[in-house]
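The report below is meant to be read beside the sequence and the three-dimensional model.

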Amino acid sequence: MRQALVEARRALEHGDVPIGAVLLDAEGSIVAADHNRREETGDTTAHAEMLVLARRSREIGDWHLSGHALVVTVEPCAMCAMAAVWARIDRIVYGAADPRAGAVWSLYNIPQDPRLNHRIEVVAGVMATESGALLEEFFSSRR
């Protein structure tokens, strides 16, 4: 999560919401890291989670990411949570909850929905205070 927070801070350099993500392999090594790049790229899908999933898939030449864990500073949205399900990752670890758009627990529970063909273990609240403070600071500076 510490590396995901480093990534989140990098998003501030180009005016993006400070959310960072890392993808860990089965041994716990970071195999991809990135941050939100929507403002930088003009791409609405350039969320940190989507970027690390895509990078790893390209690197290994396969969209199946079984054995991987997604670590993200803020609870993933519906798009990112569903992408994690489609990628067949094993675990999502997130920091701050997102009561307005969170789709891992707050609004929806996509990763553990029994109607889907794959379920993901979820670990919530890891370094939530640090992750939440970064978001709070970002949005208060914009008001």
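Thr73 is buried, with a relative accessible area of 1%, where buried means under 20% relative accessible area, exposed means over 50% and partly exposed lies in between, for a 1.4 Å probe and protein chains only. The residue is found in strand S3, strands being DSSP runs of E with at least two residues and helices runs of H or I with at least four, numbered from the N terminus. Not counting residues up to four places away in sequence, Thr73 touches Met1, Ala4, Leu5, Ala8, Pro18, Ile19, Gly20, Gly95, Ala96 and Ser131, contact meaning heavy atoms within 4.5 Å.

This is a predicted model, in which local features need pLDDT of at least 70 and side-chain atom pairs count only at pLDDT 80 or more, whereas totals for chains, interfaces and linings use all residues. Residues are numbered from 1 along each chain as its sequence is written, and side-chain values use heavy atoms, with hydrogens and water left out.

Leu70 also has its place in strand S3, which spans residues 69-74, and Leu70 is buried, with a relative accessible area of 0%. Leaving aside neighbours within four places in sequence, Leu70 is in contact with Ala21, Val22, Leu23, Glu49, Val52, Ile89, Arg91, Ile92 and Val93. Although Leu70 and Met1 are 69 residues apart in sequence, their C-alpha atoms are 9.9 Å apart in space.

Two helix pairs are set out in the table, with axes taken as lines fitted to C-alpha atoms over the stretch in contact and angles running from 0 to 180 degrees between N-to-C directions.

| Helix pair | Axes come within | Crossing angle |
|---|---|---|
| H3 (residues 48-60) and H4 (residues 78-87) | 9 Å | roughly 20° |
| H1 (residues 2-11) and H5 (residues 128-142) | 11 Å | roughly 0° |

H1 is therefore roughly parallel to H5, a label for angles under 35 degrees, with those over 145 counted as roughly antiparallel, 65 to 115 as roughly perpendicular and the rest as oblique. Leu5, Ala8 and Arg9 of H1 make this contact with Glu130, Ser131 and Leu134 of H5, and by class it has 3 nonpolar, 1 polar and 2 charged residues. Here Ala, Val, Leu, Ile, Met, Phe, Trp, Tyr, Cys and Pro count as nonpolar, Asp, Glu, Lys and Arg as charged, and the others, Gly among them, as polar.

H3 and H4 are likewise roughly parallel to each other. Glu49, Met50 and Leu53 in H3 meet Met79, Cys80, Ala83, Ala84 and Ala87 in H4, and this contact has 7 nonpolar, no polar and 1 charged residues.

H4 is mostly covered, since 7 of its 10 residues are buried, namely Cys80, Ala81, Met82, Ala83, Ala84, Val85 and Ala87. These buried residues pack against H3 and strand S4 (91-96). Just after H4, Arg88 takes a positive phi of about 65°.

How many disulfides are there? The count comes to 0, a disulfide being a pair of cysteine sulfur atoms within 2.5 Å. Cys77 is in no disulfide, as the nearest cysteine sulfur, that of Cys80, is 3.7 Å away, and this distance is too far for a bond. Cys77 is buried, with a relative accessible area of 17%, and Cys80, at 0% relative accessibility, counts as buried.
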